[in-house]
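These are my notebook entries on a structure that I looked through by region. The sequence and the model come before the entries.

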Amino acid sequence: MIIEFGLYALVLSLATAIVLSVLPIIGARRGDANLMAVAPVAALGQFVLVTIAFGVLMHAHLVSDFSVANVWQNSHSLIPTLYKVSGVWGNHEGSMMLWLLILSLFSALVAIFGGNLPATLRANVLAVQGWISAAFILFIVLTSNPFLRIMPPPPEGRDLNPVLQDVGLAIHPPLLYLGYVGFSVCFSFAVAALMEGRIDAAWARWVRPWALAAWTFLTAGIAMGSYWAYYELGWGGWWFWDPVENASFMPWLAGTALLHSALVMEKREALKIWTVLLAILTFSLSLLGTFLVRSGVLTSVHAFASDPSRGVFILAILVIFIGGALTLFALRAGSLTAGGLFAPVSREGALVLNNLILTVSTATVLIGTLYPMALESLTGEKISVGAPFFNLTFGLLMLPLLLAVPFGPLLAWKRADLLGAAQRLFFAVAAGFVIAIAIWYLENGGPVLAVLGMALAFYLMVGALTDLWLRGGFGKVPFATALRRLAGLPRSAIGTAFAHFGLGVSVLGIIAVSAFQTENVLEMKPGQTVEAGGYVLKFEGMQRGQGPNFTEDRGTFSLSKGGTSLGPISSSKRVYMARQMPTTEAGIRTFGASQFYVALGDVMPDGGIVVRVWWKPFIVCIWFGALIMMFGGFISLSDRRLRVGAPSRRAKKAAAPALEAAE
Amino acid sequence: MIRRLAFALFLFLSALPAHAVNPDEVLADPKLEARAREISSHLRCLVCQNQSIDDSNAELARDLRLLVRERLKSGASDQQVYDYLVSRYGEFVLLKPRLSEHTLFLWGAPALLALIGVMGLGFFAASRNGRRKAVALTEEEKARLQAILKE
């Protein structure tokens, strides 16, 4: 009975979304305040109904109600409660429900905190959110109903895919979707503005917090996914240029561009048309990613089971929304007036360069991801586009961008002095090289290119700090004054510095681990030792173990350095009972920013076991850098200019829920 | 059919804990082995999803790894190894596609797009400048402005 109640709630939410899609727009056209006032009520109602439906599904998973097909296929009575909860979205239907829940959440947030938007803009924005919601609820009800029953109910479930039985599943998809779907608000703002044909700096100020919040969550989601793949897949890789990863990376790249162009628009009223286009493109890439992953066009761990009818449905959603928005853009863009002028060398110019490179990078990833599919359907020829292609092209594109990053904040608006900025960054460049050479020496040499790469990373970090140093006036005014000035800086400037610093930290991790990682594959017997990164690993032996829903062979090792014992480290091979599916659990120990990574391989006929041992110097920096970027995003969200002042009462609150959600 | 195959592959893939190179495959000569690893990371495991044979644990990947090493031992250059594998398995085996008529757009796209972007910006700036000159004050207007300011 409760299951059917969930389905009713879902269908009712469809009705609500349809009301939301139609009435407010009519109201905005006619200037009818009553009709426009429907928007926030409908958006909140839709959110409540979707939450009920989602809650019902979660309840079914929690109590292991195997009469529900979705629970039967993706859960098991023995799995720990955490996986019963996260298993809700560890499958196609449930992940679409999560998508919808977060979409409805964002609509509700706009409804609650949009109080001081112009009435027509708010009505139109919410209506566009309503269209997207209606399309996705329809998709769920028609092709992916999570509430289908099976009779008679099976006694036991078929278990959650063991690869997904990890705390990562509880964190990665919600964060990723908060980012992915968060960009829908920017999309809705863009479409609403185009419908009204009016767009100004205030629009950018309203959009920027949403873009910032979505970007921050997406950053966290991608980093979390990367770390999860790193420890779960057991071969020590952290980014594979897998089509599914690319699907989440493209909105991130476009969203990063959007953040920067919205800044120009807010401060200087320039790049209006471009910013609107980027807002549309960013969410279009989110939709495209959803299509690529959900349709089964790409098969991967993320695709779960796929079904062509679903693919066609999402493709239709994709075509209608992207096509519609771009058509509207083409019709209306001409009527938008251009804004402030600027010289090529200026803050604006730097941000345009940022946008140019990020957009070309996004397009490169997009083309690389879709090229094999397109070529095969056009010519029948099969080719692969994999990591080596992306590393080369994307790497080359990133190089000028990374070099330019520290310059951006140092340049003045309108017209700037490039030479002056270069002089001020001299210390950053010098420091970069000195630290890089020192590390290179400590790591006993290695490729010479690594020095350049690491110098770049430290230049980014010191460059970000240089901006704060100069703004505070350190070295020119007394230290206490400088510190006070620093504290008085706009939060967005501090957020920028953090984000750029974090980027440098991530680059350091990537360069260091690529250049200095050591790998050792060998057969070990109990008592044998192997050395990596200055640490000595001793194989102690194998033990059988038993988990709640798996059995495992656990290899125990002990780690020491210079004769000092550093305790045990273990890696195991598990077999999950319900699916008889083996997985490898890597053994990881963190020392500073570096990690020691052990994974078990096959047992050899003579009783030894294959062991893979990696020393991964500075690898933690990759994700730690992303955390710093995310932190920068939150600091920037708390900027008082987004909280106080005429158009920003709404923006203040936009920042608050984002912070709550992060806790 | 493809879907079922893909699903089977998915199960197959996830059914195997991922280990790549095994100790018995490693060549005695470290230089040769390093070359083998580099080549392996550029070759697709044909039965996997977007994995190189260096990362994959599939039987076929192992066969290909051994094949690469055999070729290297017999004195083949990197290019010859790639050519040999392409002749056997087609272009599909290369994770970094070769430049050809059909991949021209793929390889050219980044540069082309960057060029279009720069040209677009240049065009935009030029038209902006044109407009700016048009709105700049004429000598006559400047004189009038001076006159007004003096009043």
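Axes are lines fitted to C-alpha atoms, for helices over the stretch in contact, and angles run from 0 to 180 degrees between N-to-C directions. I noted that the model is predicted, that local features need pLDDT of at least 70 and side-chain atom pairs pLDDT 80 or more, and that totals for chains, interfaces and linings use all residues. Residues are numbered from 1 along each chain as its sequence is written, chains are lettered from A and ligands numbered from 1 in the order written, and side-chain values use heavy atoms, without hydrogens and water.

**Entry 1: a helix pair in chain A**

I looked up helix H3 (residues 38-62) and helix H6 (residues 92-113) of chain A, which pack at an angle of about 150 degrees with their axes 8 Å apart. Helices here are DSSP runs of H or I with at least four residues, strands are runs of E with at least two, and both are numbered from the N terminus. H3(A) and H6(A) are therefore roughly antiparallel to each other. Their crossing is left-handed, a term for a near helix turned anticlockwise from the far one by less than a right angle (clockwise would be right-handed).

I then listed the residues in contact (heavy atoms within 4.5 Å). H3(A) contributes, among others, A:Phe47, A:Val50, A:Phe54 and A:Leu57, and H6(A) contributes residues including A:Met97, A:Leu101, A:Leu105 and A:Ile112. The residues of this contact divide into 16 nonpolar, five polar and no charged. For this division, Ala, Val, Leu, Ile, Met, Phe, Trp, Tyr, Cys and Pro count as nonpolar, Asp, Glu, Lys and Arg as charged, and the others, Gly among them, as polar.

**Entry 2: two residues with positive phi**

I recorded a phi near 50 degrees for A:Ser64, a positive value in a residue other than glycine. A:Ser64 is found in the loop between H3 and helix H4 (69-74) of chain A. Is A:Ser64 buried or exposed? A:Ser64 counts as buried at 13% relative accessibility; buried means under 20% relative accessible area, exposed over 50%, and partly exposed in between (1.4 Å probe, protein chains only).

A:Trp241 is not a glycine either, and its phi is positive at about 55 degrees. I placed A:Trp241 in the loop between helix H9 (201-232) and helix H10 (243-268) of chain A. A:Trp241 is buried, with a relative accessible area of 7%.

**Entry 3: further residues of chain A**

A:Ser248 lies in helix H10 and is buried at 7% relative accessibility. Leaving aside residues up to four places away in sequence, A:Ser248 touches A:Leu176, A:Tyr180, A:Leu218 and A:Ile222.

I found A:Tyr8 in helix H1 (residues 2-30), where A:Tyr8 is exposed at a relative accessible area of 55%.

A cis peptide bond joins A:Met151 and A:Pro152, with omega about -10 degrees. A:Pro152 lies in the loop between helix H7 (119-143) and helix H8 (167-196).

**Entry 4: chain B**

Chain B has six helices and zero strands. Of its 151 residues, 36% are buried.

Terms used: Angles under 35 degrees count as roughly parallel, over 145 as roughly antiparallel, 65 to 115 as roughly perpendicular and the rest as oblique.
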